[in-house]
Structures are given as structure tokens and as C-alpha cells.
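Hello,

Here is the two-chain model for your files. My notes follow directly below it.

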Amino acid sequence: MSIIVDTYNMMKKDLVLEFRTKETLFSMGLFSFAAVLIFSSLFKLIENITLEAHYTISTAAMWFIITFTIMLGVNSVFSRETQKNSIYSLLSLPVKPQAIFLAKLLYLLVIVGVVETFAFIVAIIFLNISIQGNLAIFLIVLIFGTIDLAVAGCIVSLLTIYAKSKTLAIPILFFPLIIPSIIIAADATKNLTFYYDPTAAISNALILFLHAVIISVLTLLLVEDLIAE
Amino acid sequence: MVTNDKAVVTLTKIRKTYGFTAALKNINLTIEKGETIGLIGNNGAGKSTLLKIMALLVSPSSGSMKFNGLDMKDRKSDIKRDMEVLLSQVFLFDDLTGRENLEYYYKMSKRITNPKQAVKEIIQKFKLKLYIDRPVREYSTGMAKKLEILRVSYPTLPEILLLDEPFSGLDVENREMLNEIIVERPPETTVIICSHDFEAIARLCSRVYYLEKGKISQSYLPTEYNKFLNLKD
């Protein structure tokens with residue numbers, strides 16, 4: 001039970017700090033809003049766009065925005081501990097390293113969830129995505145895809161704790177790790193929005209979820225060595 | 001190495017390298033319960049690295065460490081519950097208030113049953129009412145340092161207190177407060193202080209080790225301190 005309490009306390013502290021300053025939330029929100037507006041204005045410039053092209057570009061745009069929004073959040077995951085060169089404030093706590101990883105992952109999921117809720121509404125309006133079938137399946141794809149990308153982001157953030165140039169190291173490690181997930185997530189979204197094939201979309205979503213679980217478990221097994229200086 | 005029943009920390013052949021640079025070379029050290037140990041040396045001698053290794057913040061490249069006879073590699077989180085560390089880096093979060101910071105760290109330390117009550121008592125005892133509910137970013141260096149001292153030492157002291165350059169940047173009042181904490185601590189609390197200022201820590205310590213280029217080159221008992229001062233001259 002101690003690991004759950006520790007995870008909750010550390011996550012709560014990070015969320016209190018984030019909602020107090022809103023630095024990351026604001027940058028993520030602003031980016032997603034601006035990106036949705038840019039993509040929607042692009043559609044207006046293209047004449048005679050086919051329905052398939054419209055859905056393909058909309059889906060790609062949606063996952064592009066989600067990926068880069070998460071990447072902005074990934075930068076902030078360990079920033080409070082590393083910006084004052086005091087990662088030791090985290091390492092000195094009598095908690096299991098797994099609790100540290102879980103707390104950071106949950107913190108990232110909460111802030112990404114908040115921004116995505118906002119961006120989702122904006123995207124539905126501006127990108128004109130109509131979910132032909134089941135909204136619940138669309139949300140499952142969105143949630144599982146987001147969880148997978150957030151887990152990958154949190155792992156990258158953990159791997160780069162001691163990196164001198166995080167802005168360089170994070171994209172180098174993050175993109176190769178998430179490209180298969182983005183392809184599957186985009187495929188799932190298109191299956192649902194254009195082809196209306198809920199079975200294929202659910203299969204894709206389950207692959208994303210399974211991928212997230214596997215890399216999370218592997219990280220939880222190795223986190224003690226990853227976090228040690 | 002001679003085994004010692006009273007030993008709270010035992011380091012055997014500890015070595016730490018950063019790339020090709022050896023920060024610590026073959027350190028053997030036994031610290032008994034209740035002792036006040038001083039680690040002194042010039043900048044880059046390896047004393048802060050040694051302190052961080054003992055605080056389980058940095059892993060040694062080789063060697064073994066025991067805490068109360070238990071291997072420090074196992075049950076790290078349980079061992080950390082019995083120790084607190086004060087480094088030159090401030091652990092407090094700028095956007096939390098002093099009260100929130102103390103409550104968070106007391107809660108996480110697991111040594112204190114009622115963190116909120118403990119903070120209330122500290123506010124009264126140390127007259128912190130004026131600034132305890134302000135964000136730490138508004139604190140002066142001295143105020144932040146005072147809160148850091150309270151973070152590691154109140155309301156109960158841990159079994160091991162590790163202090164890295166604790167007196168640097170402290171005003172007279174805070175220096176006296178820290179001296180008082182060390183001198184009047186319970187007999188079972190072990191204190192390890194690392195500093196380059198010999199005179200600041202000499203009168204507090206029961207043993208002082210002099211580190212030079214990553215090795216313990218000398219050790220002194222209180223009666224032998226003059227020898228060190230002569231060496232320094």
C-alpha cells in the first residue's frame with residue numbers, strides 16, 4: 001500500500017505545482033489550439049479535396065498535435081527536480097523508484113488529459129471530424145493511444161534525467177520509440193472515422209494498450225538502475 | 001576489516017569514477033552509532049561524493065556499504081527512512097509555500113505521524129508565522145536555508161544526519177541553531193558533516209577524516225586537532 005500512497009503524494013505535489021504556475025499547461029494548450037487552427041485553415045485553402053484525403057489529413061493532424069503536445073509535457077516531467085540541480089530531492093526520499101516513475105507518469109497523463117479534452121473539442125469543431133460510429137470506441141482509441149505515447153514520453157524523460165542537453169536528447173529518443181504507435185493510432189482513427197470498421201479500430205487500440213503495458217512493466221523492472229546516478 | 005557491533009555505517013573498498021576520473025579510491029570507513037564524523041578536504045577531494053554515496057544518492061562504482069549490518073544495496077528505501085541529508089542544493093520547491101514544503105517532506109519521510117501538527121509546532125517554536133505561508137521563491141537565502149535545516153532535523157532527528165557544507169551561507173542565528181541541533185541531539189543519532197572549513201566543524205566532531213585526491217589520508221581525534229592545524233600551516 002505504501003507505494004500507492006507515495007505515488008499519490010508525489011503526483012499531487014507535481015499537480016499542485018503545475019496548476020499553480022500553469023507553465024506547461026499553458027504552452028501545451030496554446031500549441032494544440034494554434035495547431036488545430038493552422039490545420040483547419042489549410043483545409044480551406046485546398047479545393048476539391050476528396051473525402052478520403054480529408055479524413056486522412058485530419059487523422060494525421062490529430063495525432064501530430066497529440067504527439068507534440070505530449071512532448072511539451074515530457075519536458076516538464078522531471079524539470080522541477082532537475083532545474084535547480086536537485087534531483088537528489090527526489091532520490092533522498094524513502095520511496096521505491098517505481099513509485100517515482102508511476103507518480104511522474106500519472107502527472108503527465110493528468111495534464112495531457114486536461115489539454116486533450118480542450119483540444120478535442122476544438123478539433124471536432126475546426127477539423128470537422130465526424131465520428132460516424134461509436135463515440136465510445138473513438139474515445140478508447142484516443143485514450144489508449146495517449147496512454148501509450150505518455151508512457152513512452154515518461155520513459156524518455158527518465159532516461160534523460162542526467163542529460164546535459166535535454167531539448168536535443170528527448171526528441172532523438174522519443175520519436176523512434178513512438179513512430180510505430182503513431183502509425184497504429186492513426187490507422188485506428190481512420191478505420192473508425194472513414195472506413196467505419198470498429199473491430200479493426202478496437203484491435204489497434206488494444207495493440208496500443210498492450211504496448212503501453214509492456215514498456216511500463218519493463219521500465220518498472222529497470223527503474224532503479226535508470227534513476228541512479 | 002574488523003567487524004564492529006556498534007557500527008552504523010561500514011564502507012569497504014568504496015571507489016567512484018566519473019569517466020576516467022577517480023573521485024574516490026578505495027575508501028574504508030566504519031562509523032559508530034552516535035558519533036559525529038567530520039569529512040574535510042580541499043575542493044575536489046571527494047568529500048561530497050562520499051557523503052552522497054553514504055546518503056544513497058550516488059551509487060559507488062565498486063565496493064560495499066553496510067547500514068546497521070545490512071547491505072545498503074538491499075532495502076534502499078527502508079534505509080533512507082532512517083537518514084536525512086542536507087546538501088548545498090536547496091530541496092524546497094519555489095512555488096510551494098514553506099508550510100507546504102515542510103508538510104510534503106515530513107509526509108514523505110515517514111518518520112512523522114502527523115506532519116500538519118509537526119509544522120504547526122515548528123512555526124510556533126521558531127517564529128516562522130510571518131513567512132511560512134509565502135512561496136519559497138520569495139525567501140532570502142538565509143530563510144530558505146533555515147527551512148532546509150528544519151526539514152531534516154525536526155520534529156525528530158533521523159538515525160543518521162548527513163550535512164554537506166552546512167554552515168556556508170548561514171547567519172549567526174541559524175549557525176547557532178544548527179550547532180544546538182548537533183550538540184543536543186539524542187545519543188543514538190549519528191551525524192556526518194562534510195566541509196572544507198576545518199575550524200567550523202572541529203569542535204563538533206568526535207573524529208575528523210582528511211580527504212585528499214579521493215583518499216582518506218589522515219584521521220584525527222579531538223585531542224589531535226592541533227596536529228592538523230600544524231599540517232595546514
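Start with strand 8 of chain B. B:T190, B:I192 and B:C194 point one way from this strand, B:V191, B:I193 and B:S195 point the other way, and all are buried. Buried here means 20 or more other C-beta atoms within 10 Å of the residue's own; exposed means 12 or fewer, partly exposed is in between, and C-beta atoms are placed from the backbone. In a regular strand the side chains alternate between the two faces of the sheet. Strand 8 of chain B covers residues 190–195, and six of its six residues are buried, so it is largely enclosed by the rest of the structure. Strands are DSSP runs of E with at least two residues, helices are runs of H or I with at least four, and both are numbered from the N terminus.

A word on the source. This is a predicted model: local features need pLDDT of at least 70, side-chain atom pairs count only at pLDDT 80 or more, and totals for chains, interfaces and linings use all residues. Residues are numbered from 1 along each chain as its sequence is written, while chains are lettered from A and ligands numbered from 1 in the order in which they are written.

Back to strand 8 of chain B and its partners. Two strands pair if DSSP finds at least two bridges between them. Strand 3 (residues 36–41) of chain B pairs with strand 8 of chain B in the parallel sense, over five bridges. In that pairing B:I37 stands opposite B:I192. Strand 7 (residues 160–164) of chain B also pairs with strand 8 of chain B in the parallel sense, again over five bridges. Here B:L163 has B:I193 as its bridge partner. From strand 7 of chain B the chain crosses through helix 6 (residues 172–183) of chain B to strand 8 of chain B, a right-handed β-α-β crossover. Right-handed means that, with the strands pointing away from the viewer, the path from the first strand over the helix to the second runs clockwise.

Chain B also has an antiparallel open sheet of four strands, in the order 2-1-4-5. Strand 2 (21–32) and strand 5 (70–71) of chain B stand at its edges, each with a single partner strand, so one side of each is left without a neighbour in the sheet. Strand 1 (residues 7–18) and strand 4 (residues 62–67) of chain B run antiparallel and are joined by five bridges. B:R15 stands opposite B:S62 in strand 4 of chain B.

Now chain B as a whole. It has eight helices and 10 strands. Its radius of gyration is 18 Å, close to the 17 Å that the globule rule gives for 233 residues, so chain B is as compact as a globular protein of that length. The radius is taken over C-alpha atoms, and the rule is 2.2 Å times the number of residues to the power 0.38. Buried residues make up 42% of the 233.

The domain assignment of chain B gives domain 1 (1–82 + 160–233) and domain 2 (90–157). Such bounds come from an automatic or database domain assignment. The C-alpha centres of the two domains lie 25 Å apart. Their contact takes 12 residues from domain 1 of chain B and 10 residues from domain 2 of chain B. Two residues are in contact if their C-beta atoms, placed from the backbone, lie within 7 Å. Helix 6 of chain B gives the most to the domain 1 side, with four residues.

Chain A comes to nine helices and zero strands. Its C-alpha atoms fill a box of roughly 60 × 35 × 30 Å along the principal axes. Of its 229 residues, 41% count as buried. A:V141 lies in helix 7 (residues 135–159) of chain A. A:V141 is buried, with 25 other C-beta atoms within 10 Å. A:V141 and A:A205 are 64 residues apart in sequence, but 5.0 Å apart in space, C-alpha to C-alpha. Beyond four places in sequence, the contacts of A:V141 include A:A185, A:L192 and A:A205.

Last, the chain contact. It takes 19 residues from chain A and 20 residues from chain B. Helix 1 (2–21) and helix 5 (88–91) of chain A are the elements that give two or more residues to the chain A side. Helix 1 of chain A gives the most, with five residues.

Best wishes
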